[in-house]
Structures are given as structure tokens and as C-alpha cells.
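Thanks for coming. Please look at the sequence and the model on the screen, and then we will go through a few places in turn.

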Amino acid sequence: MTIGIICAIPEELGHLKEALDGPELLPVAHAEFVHGRLDEHEVVLVGAGIGKVNTAMTATLLLDRFQCRMVVFSGVAGGLDPALSIGDVVIADRTIQHDAGWIAEERLHTYQAGHVPFFNPTDRLGYPVPEALIARLEAALERIDLPPLSKAAGGDGSSPAIAYGTILSGDQFLNCEATRRRLHAELGGKAIEMEGGALGQVCEAFGVPWLDIRALSDLAGASSDVDFGSFVREVAASSAMILRRILPVL
Ligand code: ADE
């Protein structure tokens, strides 16, 4: 059965689109869904656009209209964990919508999307990926050799690391060192992006597995706007490579 693949922007999508065999274009709303075979696996690939609403909309279509049995996001993120560098990859074992919650005393208190503590409280925060699925990925990726970040991009020749952990999602591009430090301290995220929390919410509602694979294009601090533009295309190749490596175990 078909696997759905979502990317937000052309720089992420291009690496996968060029590898598709027998592409058949199926436009719906603002998005172009491409049915085809990726390394002999049947997939529907879509460029959703940036943000949680675009992701929720395209994930719903992948599940309801295209009957996908799983949805994987492949793309880039900003790094939050100081141990990680541009070019490293984070695979979510949980995503959290860090911009959902309630505002009191002039600040946002992150809470599970769709809930507030005084009306429909919940103990949950975010959307977990089953441990058994993460274990299959770890085994499949044990010996992968990701291309080192180019010298021109500041790479030192070492292979990028792959980390597993929480990824934060919100409808904001993070370009602020203080907020980056606060989010990492309060929510423990290893990376931040604008889609994975919506993917988790939609797939959980359908009872379908999902994954969020992100190569770091920037470190979400003061220079993240410039770094993003410089590195997005190059590092997105790593998330696409990882996706292709894990397809047989999904
Ligand atoms: N995607 C890539 N870099 C990001 C950042 N700094 N903030 C949000 N999403 C991102």
C-alpha cells in the first residue's frame, strides 16, 4: 500500500521528485500530488507549502483520498539542541505544537493543541512515534554514510550525526537566540520546524503511523534567516537519502 511523503518547499521536494519513476500528477487545491514509484515503493509525494495548516490539509488528503498507510515528512529544521550542528539530522520520536496553548500574564503557556487546562484538560503533550518504529529506523540507519556538509558551507569533512528526539512545530520561523534557548530548556526539543506537530495530530486522528525527518539548515538563532537560505537545498538531500534508506522497513 502507498506511502505518503510530504515536503514543505521545492528545495526539499526536488531531491525526491527527481528520483520518482512513472510520475503521475494529481493537482488538488494549491498542491500537486505526484503518484509514482520511489526505489520500487509505491508513493504519493506532495509539496504542501509551509506551516501546520498546509500540512494538515495535505496529510488529510493523503490519508482519505489517496488511502496512504503511512505519511513521512522529509525536510529541514532549525537546530535547538546545542550539541547539534548544521547538517545533522533529527528524526522525531515526538512532535509538539509549541505555539498551541493559552496566554496568561502576557506569555504563551504551551499546552496540547485542541485543549485548555480549565476546560478539557489532558496529561498529554505532543504526538509520540512508537518505540518499535524508531527501533526499526535505528537498525536501518546504523551504517548510513550521509555526505559531509560541503567545505563552502563550513563543513569540516565529518559525517553528519543522526539524533532521535522531540521536534517542536509552530507557525513561526525562529530567528531568535533567547527564544531558542528558552524553548530547548522548557520543552526539550532538539529541533524546530513548522509542520511536524500537525502531521502527528492528523495521523493520530486517523490511527496511521507517521515520521518526521529533518536535516538542520540553521540553528534557529540570530543568523538562522541567512543560514536557512545558504544550506536548505544541500542539507535537504540528507533527509531525502534517509527516507529512501528506511522505505524497506516502513
Ligand atoms: N525550518 C528550518 N529552520 C527553521 C527555523 N529556524 N524555524 C522554524 N522552522 C524552520
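Is C68 buried or exposed? C68 is buried, because its relative accessible area is 5%, and buried means under 20%, exposed over 50%, and partly exposed in between, with a 1.4 Å probe and protein chains only.

Before going on, a note on the basis. This is a predicted model, where local features need pLDDT of at least 70 and side-chain atom pairs count only at pLDDT 80 or more, while totals for chains, interfaces and linings use all residues. Residues are numbered from 1 along each chain as its sequence is written, and side-chain values use heavy atoms, with hydrogens and water left out.

Staying with cysteines: the structure holds zero disulfides, a disulfide being a pair of cysteine sulfur atoms within 2.5 Å. For C68, the nearest cysteine sulfur belongs to C203 and is 9.4 Å away. C176 counts as partly exposed, because its relative accessibility is 30%.

Now the ligand. Around the ligand there are 13 residues, and A77, G78, F173, L174 and D218 come nearest; a residue is near if one of its heavy atoms lies within 4 Å. By type, the shell has eight nonpolar, three polar and two charged residues. Here Ala, Val, Leu, Ile, Met, Phe, Trp, Tyr, Cys and Pro are nonpolar, Asp, Glu, Lys and Arg are charged, and the others, Gly among them, are polar.

Which strand gives the largest share of the shell? That is β5, with three residues. Strands β5 (70–79), β11 (191–193) and β12 (210–218) each supply at least two residues; strands are DSSP runs of E, at least two residues, and helices are runs of H or I, at least four, numbered from the N terminus.

As for individual atoms, a ligand nitrogen is 2.6 Å from a side-chain N or O atom of D218. A ligand nitrogen is also 2.9 Å from a polar backbone atom of L174, and a ligand nitrogen is 3.2 Å from a polar backbone atom of G78. Taken alone the ligand exposes 260 Å², and the protein buries 97% of that; these areas come from the Shrake-Rupley method with a 1.4 Å probe.

Last, two other residues. S238 lies in helix α6, residues 224–246, and counts as buried because its relative accessibility is 3%. Leaving aside neighbours within four places in sequence, S238 is in contact (heavy atoms within 4.5 Å) with V89, L146, P147 and A215.

G36 lies in strand β3, residues 31–38. G36 and D21 are 15 residues apart in sequence and 5.6 Å apart in space, C-alpha to C-alpha.

Definitions and conventions. A polar contact is a pair of N or O atoms within 3.5 Å; within protein, one must be able to donate a hydrogen and the other to accept it, and residues adjacent in sequence count only if both atoms are side-chain atoms.
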